Amino acid sequence: MARIASIDNVFVRVNEKQYGPFSPRELRAMIDKGKFSENDLIWSEDQDQWITAADFNALRYIFPSEEAAAKRPKRVIAVGGGKGGVGKTVLTSSIGVGLASLGKDVVMVDADLGGANLHTVMGILEPEHTFFDFYTLAVEDIKDIVLSTPVERLKLISGACGTLGLANPKYQQKLKFIRQLREIDADFILLDLGAGSSFNVIDFFLTADEGIVVTNPEPMAIQECFNFIKICLLRRLQLAFRGNERVMEILESDELNRPGRIHIPMSEVLKKVQEIDQSAAGMMEEVLATNRPKLILNMVMEKDDIKEGIAIQTAAAELLSIDVEFLGYITYDQGVRNAVRELRPFLLQNPQSPASQDLAKLISVKILGQSKISGFFEKRKLRKQLMEQRAEYPEINLQQQAPICSIKCFYWGDCDYQNGGHPCAVRHLEPIFKQ
Ligand SMILES: Nc1ncnc2c1ncn2[C@@H]1O[C@H](COP(=O)(O)OP(=O)(O)OP(=O)(O)O)[C@@H](O)[C@H]1O
Ligand SMILES: [Mg+2]
């Protein structure tokens, strides 16, 4: 019998049948659905035997104990998507502001390891602590790198820019980080991810409870977004079947992994797995059913653009056999660009602007699950709260602060970023400018 490679990949036995290997995330999904409990068995490599899950210390944290449930955030949401500049960071910050204004405790995490800038959007130019302090063990407890923001109940873990080693943390380090994040007492943890489909981005996306993919309606962004969804699914399947060589052979086949066109739909892949391993096929169906990325279509200029969101949904169902939940669209709005220049989240800068109204609806109805009627009242409450927060939000005096986005930057004056362009050409260089 295959053994557990690590605690991140375990076999389980339910009703005398063996399944797996599963990642903790997949196990948690099974627990939520009532398909696995503390009384079922997990294979312990250390003890070379099956033991009840309740006694398996390394995975204790996935079961909702009363103490842990009280401490653990209700939802960890990752915001990703293949293409750069589609609005992941500005949306994350405004979703954070919106949820906090509705009374939720929120921690936003800048997990863009190559180009952290969430702090800048929040008007924090020189964060006191960053991710880097945690990785270098300068700060041991993750709670000590959580920064306050000008918005009540909204906290931030700032990313570390320009640190080469950090741009590629190991899978285990990422899991450790997520594990510690779950210890933070908050209602929501929002992860702002970097562009692209590298392992770093994908792993953070997959370890969250929910993943939101952001795209704009342009063809290149749509393609990258779909590719991101596909790579996430393949990575999840590969993690789930790591110990099963025959299934891995199918999952790693060239026709499935070749970039560009899809050469074989997931339904065919499933058939191939069914032919060689019935129980693995059942498990694969489970992974396909639980892999439900959410989608936000940003920078919508005309009604027809909305079809692009539906197109992604259709393609994911047809080709990948998964459901994508289309959360909605955010209008293209010059107010968003202005807010970025003012270093304020757009929802706060102008709660009445078209993009803010779209996002407010999305937060109350789709993220908080309000009905349309209560969502309407929630939206009004949100607007009132935002107006109050806005009045108290401090002015940021760029010229006197950080080396980047200040007159100290050598690029100052030639910078498209200030005029609504993106990305800031020297944003990765911030540490070099630090005096
Ligand atoms: N709805 C919108 N309307 C108008 N402009 C927008 C909208 N959303 C985002 N933008 C603009 O797009 C720019 C890029 O946004 P953002 O930095 O959030 O992208 P990103 O996806 O996080 O990029 P990266 O992948 O590089 O981290 C912002 O500076 C903002 O000006
Ligand atoms: Mg970003």
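A: The model is predicted. Strand S10 runs over residues 210-215, and six of its six residues are buried. In a regular strand the side chains alternate between the two faces of the sheet. In S10, Glu 210, Ile 212 and Val 214 point one way, while Gly 211, Val 213 and Thr 215 point the other way. Residues of both sets are buried, with under 20% relative accessible area.

S10 pairs with two strands named here. One is S5, residues 75-80, which pairs with S10 in the parallel sense over four bridges. Within that pairing, Val 79 has Ile 212 of S10 as its bridge partner. The other is S11, residues 294-300, also paired with S10 in the parallel sense over four bridges. Here Val 214 has Ile 296 of S11 as its bridge partner.

S11 leads on to ligand 1. S11, helix H3 (88-101) and helix H14 (334-341) each supply at least two residues of the shell around ligand 1. That shell holds 19 residues, and Asn 298 is among the closest, along with Gly 85, Lys 88, Thr 89 and Val 90. By class, seven are nonpolar, seven polar and five charged.

Some polar contacts can be listed. A polar side-chain atom of Thr 89 lies 2.8 Å from an oxygen atom of ligand 1. For Val 86, a backbone N or O atom lies 3.1 Å from an oxygen atom of the ligand. A polar backbone atom of Thr 331 is 3.1 Å from a nitrogen atom of ligand 1. Taken alone, ligand 1 exposes 640 Å², and the protein buries 97% of that.

Notes: Residues are numbered from 1 along each chain as its sequence is written. Chains are lettered from A and ligands numbered from 1 in the order in which they are written. This is a predicted model: local features need pLDDT of at least 70, side-chain atom pairs count only at pLDDT 80 or more; totals for chains, interfaces and linings use all residues. Side-chain values use heavy atoms; hydrogens and water are left out. Buried means under 20% relative accessible area, exposed over 50%, partly exposed in between (1.4 Å probe, protein chains only). Two strands pair if DSSP finds at least two bridges between them. A residue is near a molecule or strand if one of its heavy atoms lies within 4 Å of it. A polar contact is a pair of N or O atoms within 3.5 Å; within protein, one must be able to donate a hydrogen and the other to accept it, and residues adjacent in sequence count only if both atoms are side-chain atoms. Accessible areas come from the Shrake-Rupley method with a 1.4 Å probe; for residues, only the protein chains shown count as cover. Ala, Val, Leu, Ile, Met, Phe, Trp, Tyr, Cys and Pro count as nonpolar, Asp, Glu, Lys and Arg as charged, and the others, Gly among them, as polar.
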